[in-house]
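Hi everyone, thanks for coming. Please open the viewer so that we can look at this one together, and stop me whenever a term is new to you.

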Amino acid sequence: MIAILGAGSLGRLWAATLPAGQVAFVPRPGQAPEPARYRFQPLVGESFSVTVPWLQRGQSPELLLVTTKAGDTLEALKAALPSIASSTPIVLFQNGLGSQQQVAATWPQRPVLAASTTEGANRPEQGLTVHAGCGATWVGALNPTGQPLVNRVAQQLAESRLEVHPEQDILGRLWQKLVINAGINAFTAVLDCPNGEILERPFYQRWITPLCREISHLLAAVGQPEHTPEALRESIEAVARRTATNTSSMRADVLAGRPKEIDFINGYLARLGQLHGIATPVNQMLTERVQQLN
Ligand code: NAD
Ligand code: KPL
């Protein structure tokens, strides 16, 4: 049995694609025991209905996927973990950085892994989950207890028939995604435009190079492969062009009034700057601008 904590878009994508009957959502304390029912629209083919039971007391999952937003993850796990065996691997799917380290530091004895995924899922209407973008998922260990379990967990996730790879340097991969998200998401939210449009906007053009300078210094300070600000800008803009018509996850969260993950993207970089004595005024400014959005 694979348990999924966070029955939102990504959690429902995994629940719909992993073998039926082998998945359960982890309830919030006191949550109603009615199974979750929804329609699932795969990338190709007809939509189908999915029913996922809630994990029952005494049931012991062999794997726990955590698909809450970054800001909810620690509290969600504090409520869920007391009834889950300490040997069960925990796989964190959150975007950005900061929440993963909080979890690994809070439960150092538990096997903690992280996943970085470029799959896309959303819920355009009540009761419908759409697999909106075909991508891949990399999974790797965040602590030594998780290390021996990486291949097994990758195999379990691959039963979904989504593309899954074991990753020895998951932190590096999370950093690569963080850089892209830091250079696109906040701009799309502040400017309220699709990814590709930021490239033409004066606000983006004014701040992207100083932002990339900050990120370049931070990468060097934390021992990640070094990149010039120009190289960072190129990779950010390549993704913005490739996903030109996309609504970024941050803009979508703002538009839907959901919690935003800015504290784990540009906000994380700003906090890291403080820790390492590196000035990060652009990350700080973008964080505040997004926090102020309704
Ligand atoms: P979402 O808001 O759709 O889902 C989060 C779910 O967690 C919600 O259903 C919420 O009710 C639930 N939740 C919150 N607190 C909880 C608690 N204490 N106990 C149980 N459930 C709780 O978000 P999402 O789009 O599924 O994204 C989840 C994470 O995955 C985010 O960090 C996001 O950045 C990352 N991610 C999402 C996608 C995607 O395509 N949706 C892709 C890559 C990464
Ligand atoms: O990951 C993304 C997000 O929206 O969070 C990008 C790469 C910006 C694609 O929309």
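**A walk around two ligands**

Let's begin with ligand 2: the largest share of the shell around it, three residues, comes from H5. Helices here are DSSP runs of H or I with at least four residues, strands are runs of E with at least two, and both are numbered from the N terminus.

Before I go on, a word on the ground rules. This is a predicted model, where local features need pLDDT of at least 70 and side-chain atom pairs count only at pLDDT 80 or more, while totals for chains, interfaces and linings use all residues. Residues are numbered from 1 along each chain as its sequence is written, chains are lettered from A and ligands numbered from 1 in the order in which they are written, and side-chain values use heavy atoms, with hydrogens and water left out.

Back to ligand 2. Which residues surround ligand 2? They are Asn95, Asn181, Ile184, Asn185, Asn195, Val239, Asn246, Ser248 and Ser249. To count as near, a residue needs one of its heavy atoms within 4 Å of the molecule or strand in question. By class, this shell has two nonpolar residues, seven polar and no charged. In this scheme Ala, Val, Leu, Ile, Met, Phe, Trp, Tyr, Cys and Pro are nonpolar, Asp, Glu, Lys and Arg are charged, and the others, Gly among them, are polar.

Now for the polar contacts. A polar contact is a pair of N or O atoms within 3.5 Å; within protein, one must be able to donate a hydrogen and the other to accept it, and residues adjacent in sequence count only if both atoms are side-chain atoms. Serine 249 has a polar side-chain atom 2.6 Å from an oxygen atom of ligand 2. Asparagine 181 places a polar side-chain atom 3.0 Å from an oxygen atom of this ligand, and for asparagine 195 the distance is 3.0 Å. On its own, ligand 2 has 280 Å² of accessible area, and the protein covers 83% of that. These areas come from the Shrake-Rupley method with a 1.4 Å probe; for residues, only the protein chains shown count as cover.

Stay with Ser248 for a moment. Serine 248 sits in the loop between helix H7 (229-242) and helix H8 (249-256). Is serine 248 buried or exposed? Serine 248 is buried, at a relative accessible area of 4%. Buried means under 20% relative accessible area, exposed means over 50%, and partly exposed is in between, with a 1.4 Å probe and protein chains only. The side chain of serine 248 also reaches the backbone nitrogen of arginine 251, at 3.1 Å.

Next, ligand 1. Around ligand 1 there are 22 residues, and Leu10, Arg28, Ala121, Arg123 and Glu261 come nearest. Its shell divides into seven nonpolar, nine polar and six charged residues. Arginine 28 has a polar side-chain atom 2.9 Å from an oxygen atom of ligand 1. Serine 9 takes part through its backbone, with a polar atom 3.0 Å from an oxygen of the ligand. Taken alone, ligand 1 exposes 820 Å², of which the protein buries 83%. Helix H1 (9-17), helix H2 (70-80) and strand S8 (120-125) are the elements that give two or more residues to this shell.

Let's zoom out. The protein chain has ten helices and eleven strands, and 54% of its 294 residues count as buried. Its C-alpha trace spans about 55 × 40 × 30 Å along the principal axes.

What about disulfides, meaning pairs of cysteine sulfur atoms within 2.5 Å? The structure holds zero of them.

Finally, two loop residues. Arginine 161 has a phi near 70°, a positive value in a residue other than glycine. Arginine 161 lies between helix H4 (150-158) and strand S11 (164-166) and is exposed, at 79% relative accessibility. Aspartate 192 also has a positive phi, near 50°. Aspartate 192 is in the loop between helix H5 (170-191) and helix H6 (202-221), and is partly exposed at 42%.

Technical notes
A disulfide is a pair of cysteine sulfur atoms within 2.5 Å.
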